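Keep the structure open as you read.

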Amino acid sequence: MVLIKTYDAPPMDEHEVFRYAGCKGDEASVRELLDGCKAETADVLTYKVCYLPLDVRVTDDFCDLGVFGVRSKHLARNLDGCAKAVVFAATVGVGIDRLIAKYSVLSPTKALLLDAIGTERIEALCNAFCDDAEKEYNLSARPRYSPGYGDLGLPFQKEIFSVLNCRKHIGLSLSDSLMMSPSKSVTAIVGLCETECGKPLRKCEACGNTECTFRSAL
Amino acid sequence: MNFNAYLQQNIVYLDGGTGTLLQERGLRPGEHPERWNIKHPDAIIEIHKAYYDAGSNVVCTNTFGANALKFPPDELEAIVKAALSNAKAARARSTAPQEKFIALDIGPSGKLLKPLGDLAFEAAVDVFKTTVALGVKYGAELIYIETMSDSYETKAALLAAKECSDLPVMASCAYGEDGKLMTGASPAAMVALSEGMGVAALGVNCSLGPKQLRPVVRELLRYASVPVIFKPNAGLPEAVNGKTVFDVSAEAYSDVAAELIAEGVRLVGGCCGTTPDYIRAVCAKTRRFAPLPVEPKNITMVSSYTHAVAFGNQPILIGERINPTGKKRFKQALLENDTDYILSEGVAQQEKGVDVLDVNVGLPQIDEPTVLKNAVSSLQAVIDLPLQIDTSDIAAMETALRIYNGKPMINSVNGKAKSMNAVFPLVKKYGGVAVALTLDENGIPETAQGRVEIAKKILTAAAQYGVDKKDIVFDPLALTVSADAAAAQVTLEAVRRIREELGAHTLLGISNVSFGLPARNPVNSTFFALALENGLSAAIMNPYAADMMMTYYAFRVLKGLDENCEAYIAAAKGFAETVNAPKNAADDPAAEDGSALRRAIVKGLKEKAAALTKERLSAAAPLEVVNNEIIPALNSVGVGFENKTVFLPQLLMSAEAAKSAFEIVKSALTGKGARADKGVFVIATVQGDIHDIGKNIVKLLLQNYGFRVVDLGKDVPPETIVQAVRELHAPLAGLSALMTTTVPAMEETIRQLRRGAPWCKIVVGGAVLTQEYADAIGADKYAKDAMETVRYAEQITGK
């Protein structure tokens, strides 16, 4: 049975917002605009997650997750040693998409900053959820793994959407080209293991694309 | 007994949850429950029968997700057929004594509608139509549209039900903790939309437990003139010892249900987590309750996709600026398909505080149905005010009403039989509040009495079409006082009498009254005040006219409508700032040397750049300002970006400042031929892709560097792009794609462009692209950012 959680706004990491907006650090000239954008988003953001706990069995590159099975070498490596996992979908709602659309017309700078805020917000929500999952199951969480990472193709989104019924539970839908609406949303599988089975990789470390613009400093 | 008749006299008990019961019987996560109609009919019949036995009057078929997006046609038909047959079998087997009905259950399509998602409105209507037609074919007695979390999708389903059946239709929505739908609609907005579409009942279901939904239900009871539905979850699901349980018991659930029935709820059931025991408990507790009568509320209400605006409590301001009459720049925008211009007019009026936006795009040279439809959907993508569809073209009116998300105002109908015959059927079908002009075949009566008579005639005709008085607002017509000294008096008397004698609301286009006079503002604002005092409910007006706005705020203060005079004080502050704005925008001494403008652009100060440009133009030729100040400023920032000393937000701030400077230059050059274009650049986000932030950045920079950018938007089919490039003989096209799944659409677009427009150079960009990818799909150029696109465009055009 799919479970649902609603969160209060997690604390904001402004450094991340600046990074997503293409700034190296806290740029004074952008600061005033950013504060305005933050104020405008405060009322429109919602923080919702739906999820399903799963039992995991990994054999070579096949991950048997009970409700679905998936062949992926990279996911198998990520889940190796985990007996449990949680598949989840998270979204911060359509309000920010509307603001981005509005400012795309009026002020592309604000649109860019709003987009960066949205990205930081959804990541913060996922972090809060994964921290919660660790506590709830008293297990240690691996870095969350999403369709599109490594050799796990985007079409896997369809399976996740079907199992979680995201549209009904948190208002999240998938387009024919496998894009999510609202756009500031994430689906992922997070492996849960008994011990600190090797210090889990954080964020960008798990990704092979070292040329990525958004790769965070390690 | 038919359902509508039963509903008038009784409390109607609906069924409870199905999903939870199916899971107990083995439904797996991700499995389509609708297939159980065929695979396990006994299980479905058993569940339906248990609800009838528990006291439900209405059982909903197991067809929540039975739609053409999820199932192929044959299977869909088999599912709906089996679902109805299962419900009928359950009804036949149940010996419970109450009246029993079968509702065709329709849940959301599973897709989000455009512009937020990728399902077009008409495609959604078609999806629902297929299911409705099957339901009708196999014997549904009513249609229940439920768990809707988007007002637009609700409208699509209601329209489908209306166009494919004569059955009673009920609609209930899933409201969140904030008391709104996922896409933002308030309960009042849903009442306006749903009643406008003619629902038999409306309400809440799913999403939350009974207590959390109580405030939403109370809000619905306050506004609705049709019966209200209450069908919440048994609280929220929790995981307890590895099992999922809902946290509200049948006992606690039925307490809240009973409380709300006593307050006026007329249909009650349950959603996720509720079982026949819940329904039984509700029935036991409320069987002896007398149903409260459903009173018509007579509230004149229009709505957007977020909120409703009700007439009567406060004067309503309707912004009139989206209208080409007498506006050269606006006409040009319409002819050039410059949607951004129309949108910024809308946003600017919203910022001035109007409640509703009038939308008029009537020009002889244009295809009005298409342009009006596009204007309405573009405005609704970014502005949450209700719109007033303003057109005399009936085809355009219908197109716009159909795709409008909410309940709009319709401007206008009048006392001529031809007008009423054309407009009232549209009001009845799509919902809306019609502005009715008090004129007829004999023209505009000279007396107030004559105008009141026409108003009465209009009300009688409207009633024959099933359009209620509350859905008509009269415009008794403000005529020019300089042509007829009695004109204003007659109008004011008509306003008062229509309000007092007919109990209807009125509005006026204020500024007509002063036509032909010098210093029109004092006449307009005084007339506005007089009209408000005579009971005027709304004004179509120019929100940039400070006198009018201050009159509005002053009226509210004097009528006790503005607590602590807060709105007035805030408005007065803004008013004083406009009046006392410094004449010299260059408030720092450095401005004298002519570099202040350059600095303003480099620093990204939009307003200042515009003001300084205006000032510089008094001393220098437009092209001199462009070449000596704006372009060098842009260049220094562009080079800074390329050298990584300036970051993207700063580059954009400068670009916006430069754009505002260019706008000033443009208006100075009007009629003298604008700045010469370096060339046409067609730009689009490819089909299937709905993210366009990067594309918009490229567009802004290209415009600043002197290119004419034709922006085709997002999710654009290859054919549309080829057609635009061919028509404009554009030397350059830019395509963007965000994800690997949309790169094939980019490749196809390139293939078609090579065939249809071989001269055109193609630049590609977007998060997922790389040089290799660009080479593989045959692009001429991969640009890693906006500046690189600009440099490439300059290189190709040789400028």
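A residue counts as buried when its relative accessible area is under 20%. By that cut-off, the buried residues of H8(B) are Pro187(B), Ala188(B), Ala189(B), Met190(B), Val191(B), Ala192(B), Leu193(B), Ser194(B), Glu195(B) and Gly196(B). The model is a predicted one. Helix H8 spans residues 187-196 of chain B, and 10 of its 10 residues are buried. After H8(B) comes Gly198(B), with a positive phi near 85°.

Next, the nonpolar cores. The largest one holds 168 residues. Which residues have the most contacts inside it? They are Phe230(B) and Phe424(B). Take Phe424(B) and set aside residues up to four places away in sequence. Phe424(B) then touches Val413(B), Ile458(B), Ala461(B), Ala462(B), Tyr465(B), Val467(B) and Ile472(B).

Now turn to chain A. This chain has 218 residues, of which 56% are buried. Its secondary structure consists of 7 helices and 10 strands. Consider the contacts in chain A with a separation of 6 or more: 73% of them join residues 24 or more positions apart.

How do the two chains meet? The size of an interface is often expressed as the accessible area lost when the parts come together. Here chain B and chain A bury about 4400 Å² between them. Carbon and sulfur atoms account for 65% of that area. Chain B gives 55 residues to the contact, and chain A gives 49 residues.

Polar links cross the interface as well. There are 19 residue pairs in polar contact between chain B and chain A, counting pairs with both residues at pLDDT 80 or more. The interface also has 2 salt bridges. One of them pairs Arg167(A) with Glu153(B), whose closest N and O atoms are 3.2 Å apart.

Which elements supply the side of chain B that touches chain A? Those giving two or more residues are strands S8 (237-240) and S9 (243-246), and helices H13 (339-352), H14 (368-382), H25 (648-669) and H26 (693-704) of chain B. The largest share, 6 residues, comes from H25(B). By class, this side of chain B has 27 nonpolar, 18 polar and 10 charged residues.

How values were computed:
Residues are numbered from 1 along each chain as its sequence is written. Chains are lettered from A and ligands numbered from 1 in the order in which they are written. This is a predicted model: local features need pLDDT of at least 70, side-chain atom pairs count only at pLDDT 80 or more; totals for chains, interfaces and linings use all residues. Side-chain values use heavy atoms; hydrogens and water are left out. Contact means heavy atoms within 4.5 Å. Buried area is the accessible area (1.4 Å probe) that two parts lose on being put together, summed over both. A salt bridge is a side-chain nitrogen of Lys or Arg within 4 Å of a carboxyl oxygen of Asp or Glu. A polar contact is a pair of N or O atoms within 3.5 Å; within protein, one must be able to donate a hydrogen and the other to accept it, and residues adjacent in sequence count only if both atoms are side-chain atoms. Helices (H or I, at least four residues) and strands (E, at least two) are DSSP runs, numbered from the N terminus. Ala, Val, Leu, Ile, Met, Phe, Trp, Tyr, Cys and Pro count as nonpolar, Asp, Glu, Lys and Arg as charged, and the others, Gly among them, as polar. A nonpolar core is a set of buried Ala, Val, Leu, Ile, Met, Phe, Trp, Tyr and Cys residues joined through side-chain atoms within 4.5 Å. Buried means under 20% relative accessible area, exposed over 50%, partly exposed in between (1.4 Å probe, protein chains only).
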